[in-house]
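These are my notebook entries on a single model. I set down what I looked up, topic by topic.

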Amino acid sequence: MSSHPTTKDKKRTRVQLSCTACRARKLKCDRIHPCTNCKKRNEGSTCTFIGRGPRGKVSNGRTSPTQVQDRLQHLENLILSFTQQQQHQQQQQQQKVGSELVVGAPAPQQQRTPSSTEEEGSSPSASDPAGRLVIGEEGTRYIDGAHWSAILEEVSREELLDGLPPRPVADRLVALFVNSKEPTTAVVHMPTFQKEYTRFWSRPRDVSIAYMGFLYACLTMAVSIHQRTGEPLPVDSGDSMEIANKFRLLTAQSLVKANYTVPGRYKVEAFFIYTMAEFYRSEDAQVGVSFLLGNTIRLAMRTGYHRDPRQFPDVSPYEGEMRRRVWAVLRQLDILISFQVGLPRSIQDWQQDVELPRNISDQDFDESTTELPPSRPETELTPMAYIRGKSRLMAVFGKISDLAYSREPATYDETLALDQQLNEAHELVAPVFKMRPLDQCIVDPPYQILRRYTLELLYLKSRCVLHRRYLAEVHTNPRYVFSRWVCMSASQEILQHQARVYQETQPGGLLYRDRQFPNSLQNADYLLAAMILCLELLQNPTRAQTEGADKDINHCREDLLSTIETTHRIFDQLRQKSADAQKVYAALTIMLRRVKGATGSEIPAGESEEMWSGNPYALGEIPMGITPEYHSLDVIGEMLDAPTNLDWHLWDQQIRDADIGVWDDTNVADMAI
């Protein structure tokens, strides 16, 4: 009788060594996690171990070494099983969030009510030893006060909080960002931002790490914008370069710790603003920025930003409208920056169906809105009027850039159809952003004037890129005379606009306080315009009227040459600050030498074409330590030598090459994410 309890105990102890699946199937378990039987059935994620494990016999007060090993193995299996269960649950939750946004199931509550800080994540103070219930973006979980996850979470949060400047300094930096009138601020709903920002300072440990990344991105952007003006920060916050690098690093750390690859609130906006801060760090084109923007776009698409919220009734009107704003700005920059670095765009039209954001102000809706107000007339100025006008132009330019990189030739009818679409989009630009003489703009805000120039330059650049392919054929086929006229007129206007903006951004000018314009996006556009004018001067050096051409086509040769020389002088001043400007200056010098040599114009003494075929400075004299290599400018000579055999694909590849000696291993590694 006394032996029965012992036998039963042995059986119970022995069974507990197997996983639950093998125990149910009465199979021999190899007692590793996951066990071989579960792996064969592709059930490794459900392989679990329960119970207290083997107890073993005690001999002379000691446990058998074999039993000790079994118990250690069982404990390890329990830990691995528990960890894998948590990971599996998190993956299921993430997949559920993604499927709800794409397929159309009800959206998670924390996405429908972005104003709720508690739903985003809560973190009681470190003094709470009883543990806490964390309701975050990945679901709800309880963390015991003694659990290692609690320790790690508090350390990371405290480290990030310690990096914040004092409240008065942070307030002024945030004010710089929200009042900057940068298009980037369109992704921020100002009344909501103010409430969340105030709430953050009242309970800083209650916000999610993703929000901290968003806040640090705003601080980084504020410092970056101010650095471009060359003025000191309005607060005693130390060296601007040092504080900018500090905020950049903290932004990146926050995004990494928040796992930016997983959809969640604030992450897309934080990643986007971080990317734009990287863009503003340099006066030159950077391929790395296009990579960061590509990652931002992929995260936005995984979060469902590429689908219009009307497809998902459980997405609140507030969140849906903010998603439209973010997506509109992302599409614009995707097309611009991709074309800048000579790459196809990431977002194709067939991948998305998002409507334009409405022409309404931030005061017209908030988190409690149940139905969005109708869009205001295009004649009424709101923060979205510019975004809407630019989006329409950019949608057509996206198609034009697709043609520029396509391996399939486009018909001339397709080109004319795109030109018509471009003109229609240009006509829809709000009247307040239509071009007008500067002497009629003296009461207009500087940012409004710059936005007029930005939209007009985008329109003119689009026409040049669309019609430039026919410049080589215009002298043999009169059908393309219209394309020649478009390119000539648009190119001359582009360079004339550049001269006016440059003049007004000098001390005392209308635009001096907003002199961060132009940026690296415009340099290649100015060079393209100058190249088109030079090609015209070389193909028709005496400016004789082309047969079948309208008299307006034949611009005065002296005017064209003077326009190019003005651009050349402007870049002579700008090349001290930018490697891209140095490259454009060298290219313009080559063009002018060719044009003046072909037409018999006077060539300045002491200059030769060879001296500009390389760097404009001796290596030791290049400012800012920049060491550009200009072998890519050989394409200019090749195209000018054979103007009837133009290869614009080669032009885009060589001239828009962002790797002009600025990027090295140090720069690439400096990208924090």
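The entries below run from confidence and overall make-up to single residues.

**Basis.** I worked from a predicted model, in which local features need pLDDT of at least 70, side-chain atom pairs count only at pLDDT 80 or more, and totals for chains, interfaces and linings use all residues. Residues are numbered from 1 along each chain as its sequence is written, and side-chain values use heavy atoms, with hydrogens and water left out.

**Confidence.** I looked up pLDDT, the predictor's confidence in each residue, from 0 to 100. The mean for the protein is 76, and 70% of its residues reach 70 or more. Confidence is lowest in helix H6 (residues 117-120), with a mean of 37, and highest in H16, with 96. I noted that residues 52-63 have pLDDT below 50, and that this stretch has 21 contacts in the model beyond near neighbours in sequence; a contact means heavy atoms within 4.5 Å. Residues 658-672 are also below 50, and that stretch has 36 contacts beyond near neighbours in sequence.

**Overall make-up.** I found 24 helices and four strands in the protein. These are DSSP runs (helices H or I, at least four residues; strands E, at least two), numbered from the N terminus. Of the 673 residues, 52% are buried; buried means under 20% relative accessible area, exposed over 50%, and partly exposed in between (1.4 Å probe, protein chains only). Among contacts between residues at least 6 apart in sequence, 70% join residues at least 24 apart. The accessible surface comes to about 31,200 Å², and carbon and sulfur atoms account for 51% of that area. Areas come from the Shrake-Rupley method with a 1.4 Å probe; for residues, only the protein chains shown count as cover.

**Arg248.** I located Arg248 in helix H11 (residues 240-257). Arg248 counts as buried because its relative accessibility is 5%. Its side chain makes a polar contact with the side chain of Glu278 at 2.7 Å. A polar contact is a pair of N or O atoms within 3.5 Å; within protein, one must be able to donate a hydrogen and the other to accept it, and residues adjacent in sequence count only if both atoms are side-chain atoms.

**Val635.** I placed Val635 in helix H22 (residues 634-641). Val635 is buried, as its relative accessible area is 3%. Val635 and Leu646 are 11 residues apart in sequence, and their C-alpha atoms are 10.0 Å apart in space.

**Leu416.** I found Leu416 in helix H16 (residues 412-427). Leu416 is partly exposed, with a relative accessible area of 31%.
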